[in-house]
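This note sets out, point by point, what a colleague may wish to check in the structure below.

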Amino acid sequence: VSSCHKQDIQQIKGRIWLGVEWDDPQRGKHDGTYEGTQYFKCSQLNQLVDISVRECAVSHAGQKEEISRTCANIRHINLSRNLISSWETVTAIASQIQNLETLNVSENKMKFPSTSTSVSGVFSKLRILALNQTEIMWTEVLFCAPGWPALEELYLTSNNITVLERPDNVLQTLKLLDLSDNQLLDGNQLHLIAHLPRLEQLILRNTGISSIHFPDAGFGCKTKMFPSLKRLAINDNKISQWSSINELDKLPSLQSLQCHNNPFMDTEKNPETLRQLIIAKIGQLKVLNKSEILPAERKGAELDYRKIFGSDWLAAGGNWNPEKNKPSEEFLAAHPRYLSLCLSKSKYSKISISSLLVHVYMCTSLHTEYGAPEEGELKGRQPLTLKNQLLTLTIKCPEKPEQKPVEKKLPESMTIQRVKGLLYRLLKIPGSELKLSYESSKLEGKEVELDNDLKPLQFYSIENGDCVLVRW
């Protein structure tokens, strides 16, 4: 007896034809062609590479070698939301797939080994494994992990994992780990997985963590934990203190951060200011909440940061004279990057090595040109009244000397697109043809291009007295 499945039903010249595909490719009399027209086409299971049998009531592997005989070239298989009850069944299925690279068995309530298992070659080529909603515990992950020698991505969401253990000699090839929707006991659990050498992406959405701390590194130093981590997601958690954001600057490779829906974000009502603060606090960040950080945005954020907290720096013992610059430990804890933003290398080298806590900053090189904020630059956080939001700017057309400069008061929230609209009415030049930039006495000899029509003036850190240059 040979099995087959229905492929299609067609009415051909007044007769009903049923097309079936035999599981045994040696069966069958033709290729579905009748009088020169092909009405049926076999899927050729033995050539399939990617298969999904999600929610198909799969409960066991079937007859011995049946999978390897009919689907010998499978590399990616989705077995999610079925009736698989044990990891043993998964192993039985995988043992018939020689080149298995991706396996998704999420949403199957399974029993996993409770002790170390003997290593076999069943999962020797497996790179991506999804075990979401399978009720697996971290200890069980570690028991199974010796059988995953090439694993690069591991998804473990919604498994009631609360505690972690250090993965000794396992998971050393892992590049991505997703622990979202597991309520971890505390942020210190992360220390137990902090030495995975190749981990580049860590997803911790809704894990209940309230703080992040890397105790092996002081202010301004880089931690030895998570040495390869480039992308971190900590959305929907309970992080309430900015100190945890300061700690992220210690990660040596961090480039991308997602941090929406954490209580610390409620401390700043203006979303643009909030974004600038995060950018200024994490020096190497290139992407924040899925939005790229352009060089102009970083420069503006860091310049503003040093101005906003300049008065606090002075009050805490900061000084323009490097020999007297001794900010308090409390200030340095709240603003670990402040000195690196304000002091150039030449100025820094003059600070006495005995100065309070300054030796800590020797841990990392300083790459700034800003210098300490001048007295006239210092500004505190002001209430958002219309008066405080208006900028007095001079509008110049450098290539049209006959056009006299014009002084205008513009809201700092005004987008570049709206500024172009205003200039169109003023100069009678279509906005699409206008190219804007600005120059400031604080950036002598430099011109900053206003190249994003959707961004507000404050995005570029334009201040009162600056000059907007108009070309077309």
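This is a predicted model: local features need pLDDT of at least 70, side-chain atom pairs count only at pLDDT 80 or more; totals for chains, interfaces and linings use all residues.

1. Phe264 has a relative accessible area of 0% and is therefore buried.

2. A search of the whole structure gives 10 aromatic pairs. One of them is formed by Trp242 and Phe264, in an edge-to-face arrangement with 5.0 Å between the centres and 75° between the planes. This pair connects distant parts of the chain, its members being 22 residues apart. Trp242 belongs to the loop between β12 (231–233) and α4 (243–248), and Phe264 to the loop between β13 and α5 (271–281).

3. Phe331 and Tyr338 also form an edge-to-face aromatic pair, with 5.3 Å from centre to centre and an angle of 80° between the planes. Both residues are buried. They are members of one aromatic cluster, which comprises Tyr305, Phe309, Trp313, Trp320, Phe331 and Tyr338.

4. Tyr305 of that cluster is also among the buried residues of helix α6. Helix α6 spans residues 295–308, a length of 14 residues. From its first C-alpha to its last the helix reaches 20 Å, close to the 20 Å expected at 1.5 Å a residue.

5. How many of the 14 residues of α6 are buried? The number is 11, so the helix is largely enclosed by the rest of the structure.

6. Gln258 lies in strand β13, residues 256–258. With 17% relative accessibility, Gln258 counts as buried, because the limit for that class is under 20%. Beyond its neighbours within four places in sequence, Gln258 is in contact with Arg205, Leu232, Ala233, Ile234, Asn235, Asn289 and Lys290.

7. One of these contacts of Gln258, Asn235, deserves a separate remark. Asn235 is placed in the loop between β12 and α4, and its relative accessible area of 7% makes it buried. Setting aside residues up to four places away in sequence, Asn235 touches Leu204, Arg205, Asn206, Gln258, Cys259, His260 and Asn262.

8. Is His60 buried or exposed? His60 is exposed: its relative accessible area is 54%, and the exposed class therefore applies, as it begins over 50%. The residue is found in the loop between β5 (50–52) and α1 (66–70). Its side chain makes a polar contact of 3.0 Å with the side chain of Ser59. Not counting residues up to four places away in sequence, His60 touches Thr89 and Ile93. The C-alpha atoms of His60 and Ile84 are separated by 6.6 Å, although these residues are 24 places apart along the chain.

9. Five strands make up an open sheet with mixed pairing, in the order β17-β16-β20-β18-β19. Its edge strands are β17 (406–411) and β19 (447–449), each of which pairs on one side only. On average, and with direction ignored, neighbouring strands of the sheet are turned by 35° against each other.

10. Several strand pairs of this sheet can be followed residue by residue. Strand β16 (residues 390–396) runs antiparallel to β17 and is joined to it by six bridges; Leu390 has Pro411 in β17 as its bridge partner. Strand β18 (residues 435–439) is antiparallel to β20 (residues 467–471), with five bridges between them, and Lys435 stands opposite Arg471 in β20. Three bridges hold the antiparallel pairing of β18 with β19, where Glu439 stands opposite Glu447.

Methods
Residues are numbered from 1 along each chain as its sequence is written. Side-chain values use heavy atoms; hydrogens and water are left out. Two strands pair if DSSP finds at least two bridges between them. Helices (H or I, at least four residues) and strands (E, at least two) are DSSP runs, numbered from the N terminus. Axes are lines fitted to C-alpha atoms, for helices over the stretch in contact, and angles run from 0 to 180 degrees between N-to-C directions. Buried means under 20% relative accessible area, exposed over 50%, partly exposed in between (1.4 Å probe, protein chains only). Contact means heavy atoms within 4.5 Å. A polar contact is a pair of N or O atoms within 3.5 Å; within protein, one must be able to donate a hydrogen and the other to accept it, and residues adjacent in sequence count only if both atoms are side-chain atoms. Rings of Phe, Tyr and Trp (its six-membered ring) pair if their centres lie within 6.5 Å; planes under 30 degrees apart count as stacked, over 60 as edge-to-face and the rest as tilted. The expected span of a helix is 1.5 Å times one less than its number of residues.
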